[in-house]
Amino acid sequence: AYSDIYVKYGYNDSDLVKTISNKENLFKKLNAYIKPLNVNYRKLLNKIIKENIDKLGSYPSIDVQYNYNGGLLKQIVSVLELNKKINYKKSDYNNDIVTAGIILKNIGALNLYNDDLLHSVSEENEAAGHRLLGINIISDYAAKFINYPDDCKVNLQNVILYDGEIKDLNLNYINAIYKFDLAIIDSH
């Protein structure tokens, strides 16, 4: 492998590229947020995470503030923790959609990046974009379950497609909390 020469001389990828250090703890936190969700959201999330655990723990997010190894996982947990602190409650607020939406908002990154040291992006993936790749991930994984509810799948796909023009509390909230998290990082 390309990294064998680095190992030979005592280096590893995390010495060369910024990498999260508390991956196991972040996965524990992520699973704690998934556990209380409605069974349909929970089983889809668990399947996606289980089959992509290495990518989720090592790929960057699409947002520059989390553009490092493990940044996708770090951002998801950071936004989930921020959501918990805000503890927003309105009659139209749906915690299952918001929590699952936070986890899946940038999930297209799992198929956007190549599995190389710097997580390059192929021309084909760049042309498709992380949103389309995310929609496809949700569709592909929902199809693995017999009679997966269309409303759950559509709710999660809408999170990814959200462009700010839909008047939906849950979608607006997910977008706003992601922006808030990025603003907090930018202010440090």
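Which residues does Leu 182 touch, not counting residues up to four places away in sequence?

**View 1. Leu 182 and its contacts.** Leu 182 touches Asp 63, Gln 65, Tyr 66 and Gln 75, where contact means heavy atoms within 4.5 Å. The C-alpha atoms of Leu 182 and Asp 63 are separated by 8.3 Å, although the two residues lie 119 residues apart along the chain. Leu 182 counts as buried because its relative accessible area is 14%; buried means under 20% relative accessible area, computed with a 1.4 Å probe on protein chains only. The model is predicted: local features need pLDDT of at least 70, side-chain atom pairs count only at pLDDT 80 or more, and totals for chains, interfaces and linings use all residues. Residues are numbered from 1 along each chain as its sequence is written, and side-chain values use heavy atoms, with hydrogens and water left out.

**View 2. Asp 181 in helix α11.** Asp 181 is in helix α11, residues 169-186; helices are DSSP runs of H or I with at least four residues, numbered from the N terminus.

**View 3. Contacts of Leu 44.** Leaving aside neighbours within four places in sequence, Leu 44 is in contact with residues including Ile 138, Phe 145 and Leu 156.

Notes
Helices (H or I, at least four residues) and strands (E, at least two) are DSSP runs, numbered from the N terminus. Buried means under 20% relative accessible area, exposed over 50%, partly exposed in between (1.4 Å probe, protein chains only).
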